[in-house]
Amino acid sequence: MDCKQAEKLIPDFIKGEMETRAAKQFLEHVKKCPSCKEELSIQFLVTVGMERLEDGDAFNLNDELSARLQMAESHIKIRQRLQRGLYYFEVIAMLIVILVMTTVVFI
Ligand SMILES: [Zn+2]
């Protein structure tokens, strides 16, 4: 992912509307790229900061951004683990089917 693509995804990330694969690539890019990280911080501060000002609760936004980055990362890990789990489940299900079929043939 290049900077242009990452920048386009920033608003989606802030809104929490991003599919897993895009989020993973986005986070990988932001980690390596200081200018996109900066852009993300600014947009996050502006977007969330405005909401918070209305609520009268505009402190610790930087902490909140890093918390959100960590949360997104752990969500990705959980989803990947789930997908891997499903894959194993399918393999096991297929093995069982094959076993049952061969057993039937031998009987
Ligand atoms: Zn970048």
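**Close-up views of a predicted model**

View 1. The zinc ion has as its protein donors C3 (SG), H29 (NE2), C33 (SG) and C36 (SG), at 2.0 to 2.3 Å from it, where donors are N, O and S atoms within 2.8 Å of the metal (3.2 Å for Na, K and Ca) and water is not among the atoms, so sites may look incomplete. The four donor atoms make angles of 98 to 113°, and the site is tetrahedral, a label given to four donors if all angles lie between 85 and 135 degrees. C3 in helix α1 (residues 3-15) and H29 in helix α2 (residues 20-32) are 26 residues apart, a pair linking distant parts of the chain; helices are DSSP runs (H or I, at least four residues), numbered from the N terminus. H29 is buried at 11% relative accessible area, whereas C3 is partly exposed at 30% (buried is under 20%, exposed over 50%, partly exposed in between; 1.4 Å probe, protein chains only).

**View 2. Helix α3 and its kink.** Helix α3 (residues 34-55) reaches 30 Å from its first C-alpha to its last. A kink of about 30° is centred on G49, the bend being the angle between axes fitted to the seven residues ending at a residue and the seven starting there.

**View 3. The surroundings of V48.** V48, in helix α3, is buried at 2% relative accessibility. Leaving aside residues up to four places away in sequence, V48 touches I14, L61, E64 and R68 (contact means heavy atoms within 4.5 Å).

Residues are numbered from 1 along each chain as its sequence is written. In this predicted model, local features need pLDDT of at least 70, and side-chain atom pairs count only at pLDDT 80 or more, while totals for chains, interfaces and linings use all residues, and side-chain values use heavy atoms, leaving out hydrogens and water.

Key
Tetrahedral: all angles 85-135°; square planar, octahedral: opposite > 155°, others 65-115°. Helix = DSSP H or I, 4+ residues; strand = E, 2+ residues; numbered from the N terminus. Expected span 1.5 Å × (residues − 1).
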